[in-house]
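Student: I would like to go through this model step by step, from the overall fold down to single residues. Can we do that as questions and answers?

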Amino acid sequence: MKAMEIRRHRFSELGNCARRVWAKSGDPIGHGLLAHMLDVAAVVEAILDRESAATLAWAARAFGLPPGEVRQWLAAIIGLHDFGKAIPGFQSKWPEGQRTVELAGLIFKPVSFGIQRHDIASAALLRRLLPTLFLKTGWISAVTKAVGAHHGYIPRTLEIRDGMPRNEVGEWSETRAEILRVYWETLQPGDGPALDELSLPAVAWLAGLTSVADWIGSNTDWFPLGERADLLSEHSAKARALADIALDAIGWPGHRPLLRRETDTDTLIQLILGQPEYPVTARPLQQAADRLLSLADGPTLIIVEAPMGEGKTELALLAHLRLQARNAHRGLYLALPTQATGNAMFDRALAFLRRLTSEIRIDIQLVHGSAALDERIHRLRGIDASNAESIASSAWFSQHKRALLSPYGVGTIDQALFATLNVKHHFVRLWGLANRVVVLDEIHAYDTYTSGLIEALLRWLKPLGCSVILMSATLPVQRRDALLNAWGATNCPEIPYPRILMVRDNETLGEHVDCRHLEPIQISGTAEDLETLAHEALICLAGSGCGLILVNTVQRAQDLYRLLRERAPDPSTILLFHARFPADERAALEREVVKRFGPGPAEHRPSHCLLIATQVAEQSLDLDFDFMLSDLAPVDLLLQRAGRLHRHQRNRPTAHAAPHLRIAGLLAERPPELTETAWGFVYDPYVLYCTWAVLLHKPSWQLPEDIDRLVQAVYTGDPFAEEARPDFMATLNRALGDHYAEIQNQRLQAQHAAIDAEAEPQTAYDGHPRGKEEQDGEGIPLVTRLGEDSLPTIPVLSTDAGWHLHPDDPPFDPNTAPDDDLARRLVARQVRLSRKSIVHALLKLPLPRGFDEHPLLRHLRPLPLVGGVAEIGGLLVRLDPELGIVYDNT
């Protein structure tokens with residue numbers, strides 16, 4: 001840093017203009033800019049004091065700073081985020097504040113009001129003024145982008161160029177120079193970065209911390225308006241004390257690893273499972289992982305490919321403990337494919353953390369769109385501040401965009417993938433994920449587009465100091481190679497399935513694992529029509545036991561349920577489960593499904609029962625069935641479905657003593673029908689045809705040996721070499737062309753959507769329009785998954801008296817903002833609809849004022865039902881108490 005006089009500055013000795021420029025409005029004279037800058041700088045120091053030494057060491061390397069100066073320098077730089085408020089355009093926004101500033105001597109002319117965006121002005125002014133403070137200045141352009149992004153988006157270079165105030169009259173420039181000088185002399189942050197350039201991950205990390213510190217430092221409940229002492233250094237010290245009070249109120253925990261001493265593998269697995277009353281031996285998969293983890297050093301990638309039921313989740317928790325102890329990771333995020341699988345994992349994660357946190361307090365968040373409705377979260381938020389309960393779920397962290405800031409979280413993969421897209425405050429998500437262990441489960445379950453975003457996420461997470469665990473039972477080799485390449489791995493060894501791969505630095509290590517050999521699963525085919533499926537299911541049900549029919553669409557599930565309810569000797573034995581129920585009903589159904597078919601006590605398991613379900617029963621829910629029928633699906637998903645067949649050790653009915661999977665559409669005499677069944681709209685037709693061709697020659701599956709063989713045969717082989725039917729070959733060739741075209745299209749879409757972590761900060765956002773996560777808001781919609789547009793809706797009953805949630809409920813006026821209790825009950829009834837005509841029709845309808853004015857409801861669309869029915873989008877839509885949302889033709 002260039003030589004600078006060290007002085008103990010006083011507010012009372014400042015120039016009148018520098019003292020009166022305001023940052024926050026409010027009586028009597030608001031909050032001065034200098035005071036607010038010092039407040040936010042204090043928050044940064046308080047946050048970093050609660051982070052691990054590894055975080056500070058990473059920041060020192062990323063910004064080229066001496067380890068002893070990194071905390072103070074980052075605080076000082078971030079405190080400058082609002083420096084651009086010292087311009088006429090911003091100071092004119094609050095009339096009382098403008099009058100105070102005018103009385104102090106600054107002059108306002110209408111021609112100088114053109115620039116009002118203080119965030120952009122901060123970046124522009126600092127880009128010009130910071131070089132006066134430092135000898136090495138190559139990093140300044142990137143840093144000013146970061147501090148200028150706190151309103152949501154990294155500013156573009158042209159925006160910053162046009163952000164300088166113009167046509168100023170009087171002492172504006174001198175006032176800003178005085179503010180910068182006394183602020184910098186008060187904090188004395190050191191010589192600054194020794195780097196000429198910063199990486200994009202460092203810029204995003206800085207932008208994320210800037211936004212978070214500003215949110216906290218701007219809260220007047222924690223930082224009352226006004227100067228807290230005459231000496232600026234004393235104001236800063238008091239702000240630092242307030243920052244700690246604020247973080248305590250938030251529930252922001254200090255860093256402490258969960259594993260405090262060396263522990264052998266068996267003991268750790270016993271601790272993770274929570275069964276201290278009898279000895280537990282780690283499974284071979286977990287033992288192999290722990291051997292590899294002993295060689296881990298720094299950010300580590302682990303890919304686990306192993307059959308269902310081999311303890312992959314326990315392996316992930318074990319890996320978190322080891323990697324956190326070695327790398328001082330700040331926490332864990334478990335990312336699941338769906339809200340339902342996230343909900344199921346939350347209980348396991350909560351129990352795991354409770355067994356390891358008796359002496360410390362931590363925070364955990366359920367991270368998805370319906371988390372606020374979860375009773376477990378309400379209970380965690382209601383605990384007191386004593387150590388009687390070591391785990392809480394802070395309401396502050398739960399707010400939109402903040403949930404990933406909590407050190408521990410369970411949620412959907414989408415919440416992490418939004419960190420790669422140019423949505424508002426995407427860098428806050430990146431800051432939250434930085435230096436954590438991130439677990440991505442069921443990574444086979446995504447199409448090329450979402451898989452491309454996962455690869456982009458890996459390219460962000462590695463330079464941000466994360467370790468990542470990827471888990472799948474069924475992973476095509478091309479997908480595995482792409483994931484390894486995204487991490488920068490080299491020299492991947494050929495290791496038979498089941499396997500664990502670990503990448504340290506760029507070197508790939510691995511082990512083959514001997515997993516349990518399951519009894520063979522008999523495979524047979526049946527026709528696709530519902531009459532045949534119902535007939536087969538009733539024969540199976542007559543043999544007693546619990547069964548599953550897993551179909552590919554909600555429509556087929558509803559139609560099959562109606563058919564079976566008519567024909568079953570006892571209709572109460574037929575249960576329906578899919579995603580088109582209101583959220584509260586779906587959650588209750590999920591609990592009932594897990595109670596009947598999960599690993600719980602035998603007395604909860606019915607003697608005769610048949611579940612008809614869609615893909616909601618396919619992944620992560622721990623369900624166990626005596627017999628199973630399934631629609632044809634891609635082979636990796638069929639293998640997942642088969643993982644619910646004879647999953648646990650238990651006595652089976654005689655008729656189902658051996659596992660038998662019946663697959664609709666698997667007939668040797670003809671290919672599967674993909675149009676009337678709508679299967680070809682749900683899954684890639686070429687992959688379905690490949691699956692059909694491969695499985696025709698595999699009437700029995702021997703798991704785990706056949707898992708990898710089947711997956712690679714479908715995704716990398718050519719099962720049609722001897723196909724001799726010309727009519728089918730023409731269909732197949734069209735499907736193959738569409739397959740390659742779609743893969744290329746999705747790959748390009750992912751490349752265009754995701755921000756490249758390896759790009760130059762100056763150009764990284766060029767060509768990436770600013771987007772939004774919801775239907776409402778700024779920018780173009782950006783998604784983490786392709787497919788039909790879907791819309792969260794709330795079915796309500798419309799009568800002359802008003803709207804009702806349930807027939808017996810009192811009416812409410814949709815044009816009056818509801819109280820919070822009613823709003824929560826409305827949110828709890830949401831259901832996501834994807835039929836294109838309905839989505840478009842609902843979006844064209846005006847949002848009722850009561851919904852628009854309540855923050856919980858403004859992203860939801862009501863679906864008014866008159867007499868239980870709504871005619872919309874050319875369809876009749878009704879909410880059936882047994883079937884959920886039903887579509888009928890008009």
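What follows is a dialogue on a predicted model.

Student: What percentage of the residues in the protein is buried?
Tutor: A residue counts as buried when its relative accessible area is under 20%. The accessible surface of the protein comes to about 34,700 Å², and 51% of that belongs to carbon and sulfur atoms. Of the 890 residues, the buried share is 58%.

Student: How many helices and strands are there, and what share of the contacts between residues at least 6 apart joins residues at least 24 apart?
Tutor: The secondary structure comes to 33 helices and 27 strands. Among contacts between residues at least 6 apart in sequence, the share joining residues at least 24 apart is 76%.

Student: How far apart are the centres of the positive and negative side chains?
Tutor: The protein has 91 positive side chains and 111 negative ones. The distance between the centres of the two sets is 4 Å.

Student: What distance separates the end C-alpha atoms of helix α30?
Tutor: Helix α30 covers residues 726-753, which is 28 residues. At 1.5 Å a residue, the helix should span 40 Å. The end C-alpha atoms agree with that, being apart by 40 Å.

Student: Which elements are included in what covers the buried residues of α30?
Tutor: An α-helix has 3.6 residues a turn, so residues three or four places apart point the same way. The buried residues of α30 include Phe728, Leu732, Ala735 and His739. Their cover includes α21 (448-461) and α28 (685-695).

Student: Is Ala207 buried or exposed, and which residues does Ala207 touch?
Tutor: Ala207 is found in helix α11, residues 200-217. With a relative accessibility of 0%, Ala207 counts as buried. Not counting residues up to four places away in sequence, Ala207 touches Ala146, Ala149, Ile154 and Phe427.

Student: Where does Val304 lie, and how far in space is Val304 from Ala316?
Tutor: Val304 lies in strand β3, residues 300-305, and is buried because its relative accessible area is 0%. Beyond neighbours within four places in sequence, its contacts include Leu285, Leu315, Ile469 and Arg499. Ala316 is twelve residues from Val304 in sequence, and the C-alpha to C-alpha distance is 9.2 Å.

Student: What is omega for the peptide bond from Tyr497 to Pro498, and for the one from Asp27 to Pro28?
Tutor: Most peptide bonds are trans. Pro498 is in the loop between α22 (477-487) and β10 (499-504), and Pro28 is in the loop between β1 (22-24) and β2 (31-32). The bond from Tyr497 to Pro498 is cis, with omega near -5°. The bond from Asp27 to Pro28 is also cis, with omega near -5°.

Student: Is Glu442 buried or exposed, and is Asp505 buried or exposed?
Tutor: Most residues other than glycine have a negative phi. Phi is positive in Glu442, near 55°, and in Asp505, near 50°. Glu442 is in the loop between β8 (437-440) and α21, while Asp505 is in the loop between β10 and β11 (507-512). At 7% relative accessibility Glu442 counts as buried, and at 56% Asp505 counts as exposed.

Conventions:
Residues are numbered from 1 along each chain as its sequence is written. This is a predicted model: local features need pLDDT of at least 70, side-chain atom pairs count only at pLDDT 80 or more; totals for chains, interfaces and linings use all residues. Side-chain values use heavy atoms; hydrogens and water are left out. Helices (H or I, at least four residues) and strands (E, at least two) are DSSP runs, numbered from the N terminus. Buried means under 20% relative accessible area, exposed over 50%, partly exposed in between (1.4 Å probe, protein chains only). Contact means heavy atoms within 4.5 Å. Accessible areas come from the Shrake-Rupley method with a 1.4 Å probe; for residues, only the protein chains shown count as cover. Lys and Arg count as positive and Asp and Glu as negative; His and the chain ends are not counted. The place of a charge is taken as NZ of Lys, CZ of Arg, CG of Asp or CD of Glu. The expected span of a helix is 1.5 Å times one less than its number of residues.
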